[in-house]
Amino acid sequence: MKLRDLVPWREESKGLIRLDPVTRLQTEINRLFEGFFPGFTSDISSELSERRLAYSPRLDLKESDKEIVVRCELPGISEKEIDISLGDDYLTIKGEKRYEEEKIEGEVTYHETSYGRFERVVPLSCAINQEAIDCTLKNGVLRLVLPKKAGVEKGVRKVSVRAA
């Protein structure tokens with residue numbers, strides 16, 4: 001047995017993942033208990049499952065000498081459901097995602113609902129010219145252009161979203 005066989009490694013270029021023996025053993029034990037007692041392992045990792053199911057929109061940042069561009073994916077959310085505020089050194093994007101669908105097929109009615117709040121806080125490393133902010137929502141993508149400013153403005157300001 002070689003030393004590298006004992007160390008976990010990952011070769012992402014080929015899509016291979018090799019787990020260390022302890023992790024493999026834990027996975028097999030979890031699979032065994034799940035087979036005999038359904039729901040057993042889900043109780044153990046409920047906190048992790050809740051974090052995975054929470055809605056948190058994807059966010060991309062791009063910074064240049066003149067501006068910071070924030071791109072946030074918000075599919076199915078209108079500009080009225082988004083609350084954006086700009087503080088001294090942070091940007092906050094809040095909102096609620098609501099989905100409701102009812103489908104009737106003969107005597108059977110299917111009703112599906114989904115609800116979730118989200119909040120993303122982006123720390124800012126420089127002062128922003130609050131009067132020149134451009135914020136648009138198009139095809140479920142929120143785009144904020146925050147021009148940099150040499151001076152510092154104090155206080156919190158609301159940012160209005162316009163549909164593109």
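Colleague: What percentage of the 164 residues in the chain do buried residues make up?

Modeller: Buried means under 20% relative accessible area, exposed over 50%, and partly exposed in between (1.4 Å probe, protein chains only). Buried residues make up 24% of the 164 residues here. This is a predicted model, in which local features need pLDDT of at least 70, side-chain atom pairs count only at pLDDT 80 or more, and totals for chains, interfaces and linings use all residues. Residues are numbered from 1 along each chain as its sequence is written, and side-chain values use heavy atoms, with hydrogens and water left out.

Colleague: Is Thr92 buried or exposed, and in which strand does Thr92 lie?

Modeller: Helices (H or I, at least four residues) and strands (E, at least two) are DSSP runs, numbered from the N terminus. Thr92 belongs to strand β6 and counts as buried because its relative accessibility is 6%.

Colleague: Which residues does Thr92 touch, not counting those up to four places away in sequence?

Modeller: Contact means heavy atoms within 4.5 Å. On that basis Thr92 touches Asp83, Ile84, Ser85, Glu119, Arg120 and Val121. Leu91, leaving aside neighbours within four places in sequence, has contacts that include Val70, Ile84, Leu144 and Leu146.

Colleague: Which residues touch the most other members of the largest nonpolar core?

Modeller: A nonpolar core is a set of buried Ala, Val, Leu, Ile, Met, Phe, Trp, Tyr and Cys residues joined through side-chain atoms within 4.5 Å. Among the 23 residues of the largest one, they are Ile84, Leu91, Ile93, Leu142, Leu144 and Leu146. Elements giving two or more residues to this core include β5 (82-86), β6 (90-105) and β10 (141-149).
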